[in-house]
Amino acid sequence: MEKLTSHYQSSNFFDELIDDKGAPRSPAKQLLGYLDSLSEDELEKRRLTAEATIQEMGISFTVYTEEGNIDRAWPFDIIPRTIEASDWKIAEAGLKQRLTALNLFINDLYHDQNVIKDGIIPEHIIKDSKNFRPECVGVSPAYGVWAHICGTDLVRDENGDFFVLEDNLRVPSGVSYMLENRAITKRVLPELFENESILPVDSYTSQLFDTLAALSPRDIENPEIVVLTPGIYNSAYFEHAFLAQQMGAELVEGSDLFVDSDDCVYMKTIDGPERVDVIYRRIDDLFIDPEAFDPESVLGVAGLMRAWRAGNVALANAPGAGVADDKVVYAYVPAIIRYYLNEEPILNNVETFLCDDPEQRAYVLENLDKLVVKPANESGGYGMLVGPHSTKKEQALFAELITKNPRNYIAQPTLKLSTAPTLISKGVLEPRHLDLRPFILQAKETYVTTGGLTRVAMKKGSLVVNSSQGGGSKDTWIVETKGQ
């Protein structure tokens, strides 16, 4: 019987499972050995089991199109991605360092702004940020933490080194898929969990609950925690319902809550109003309170900002945390770490060119065919130019956009993103580019997920991993090998 990996070509990129000589890397040895022992038919049977499991569990996401919203089954590859536990320990330390500094930075911005006064970041960068909220100035959330839940995107380069691609501190999503990926893989490859030292991920929801409970303004044994969702038509509604159910928290919409004359938030129940202590909100800042922000919003709760500023309810993430989500601010994070912590960054940024700077802008405009250009505040892979895969017409359009609003754009080199074997068709493995979104929780203590959500660019040669843009996903194994 021919081995599954016998014809695998890892091309010119760092492959996370198979080295350039075709041998399995240390954390992937047992996995690849097991896969090679399966026949094509048996492997196909496992793939079909994964598809059936996804349908049975109702794991889906919503894609917005011109024709309307389309509900799609979660795209999943059954070949896990493996990472050595010793490598992950370094990444975990780097993420804790980064989020500690970012929360100090956000807190400073809404108070003394020493980071601006001391010349670390130019004032106009913050003044022109779409996500700086003057309404938050002077507020002091518990523990000085604003971004309680962060999803930081990591990539590995041609040497296998981790780099931070971006930080998501507003309403980061995807953690439910990380958990479901593990549940599916346990059904598909149960034998490997008996023999492999794969670190678990299933403590996330209890860690999330503890993080949120620690924020309660009332010192009570069982604070009332709710998950605030925009509703069933939101692309991440599956995740909202999943996390609420797993935590034993109420899933609510804005119409289920109200702020009373005592500036406290209450939930409507059949037994009468019940006070709410902590709101894990999955709604963007501008829609959470029609009294403070968009008066047309029907998603939020009138007076919510008033209750938060009074210290009567905790909001996670805090409004205004998205000021550090800005991809222009991202370029200053290494300096922010040095400024607040007096430490060198453990994890490096990807080299970044700020179009706001005349010299850097000139370089970007001359090299649009080689660079990836990103707007400062878009997400989901939208609004980007991937230079090597773009047309002259697209380059001309971005040159115009950059010239018109240089503050809104950054550019980065086209990365040699790492790859991993992906099951493309029956018995056929091909390398596909991927990234990793670990989730960091911060309140009284800081917690980092064991690995995270691996997203895969399912199209050959593509660097776009977002599910809304045709990407898929796979389970992430942090593997302890002997000798660690």
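Analyst: Let's start with a definition: a salt bridge is a side-chain nitrogen of Lys or Arg within 4 Å of a carboxyl oxygen of Asp or Glu. A search of the whole structure finds 27 of them. Bear in mind that this is a predicted model, where local features need pLDDT of at least 70, side-chain atom pairs count only at pLDDT 80 or more, and totals for chains, interfaces and linings use all residues. Residues are numbered from 1 along each chain as its sequence is written, and side-chain values use heavy atoms, with hydrogens and water left out.

User: What makes Asp153 and Arg455 a salt bridge?

Analyst: Their side chains meet at 3.3 Å, N to O, and the cut-off is within 4 Å, so the pair qualifies. Asp153 sits in strand β4 and Arg455 in strand β22 (residues 453-456), so the pair ties together parts that are 302 residues apart in sequence. Strands here are DSSP E runs of at least two residues, and helices are H or I runs of at least four, numbered from the N terminus.

User: Why is Asp153 called buried?

Analyst: Buried means under 20% relative accessible area, exposed means over 50%, and partly exposed is in between (1.4 Å probe, protein chains only). Asp153 has 2%, so the label is buried.

User: What about Arg46 and Glu42, which labels do they get?

Analyst: Arg46 is buried at 10%, whereas Glu42 is partly exposed at 25%. The two form a salt bridge, with the closest N and O atoms 2.7 Å apart. Both lie in helix α2 (residues 40-57), 4 residues apart, about one turn of the helix.

User: What makes β4 and β5 a pair?

Analyst: Two strands pair if DSSP finds at least two bridges between them. Strand β4 (residues 149-156) and β5 have 6 bridges, in the antiparallel sense, so they pass. Arg156 stands opposite Phe162 in β5. The two strands form a hairpin with 5 residues between them, and Gly160 in the turn has a positive phi of about 85°.

User: Why is β5 called largely enclosed?

Analyst: Strand β5 (residues 162-168) has 6 of its 7 residues buried, so the rest of the structure largely encloses it.

User: What makes a set of residues a nonpolar core?

Analyst: They must be buried Ala, Val, Leu, Ile, Met, Phe, Trp, Tyr or Cys residues joined through side-chain atoms within 4.5 Å. The largest such core has 69 residues, and Trp88, Phe105 and Ile279 have the most contacts inside it. Its largest share, 10 residues, comes from helix α3 (residues 85-109). A second, separate core of 56 residues includes Leu35, Val201, Leu429 and Phe439.
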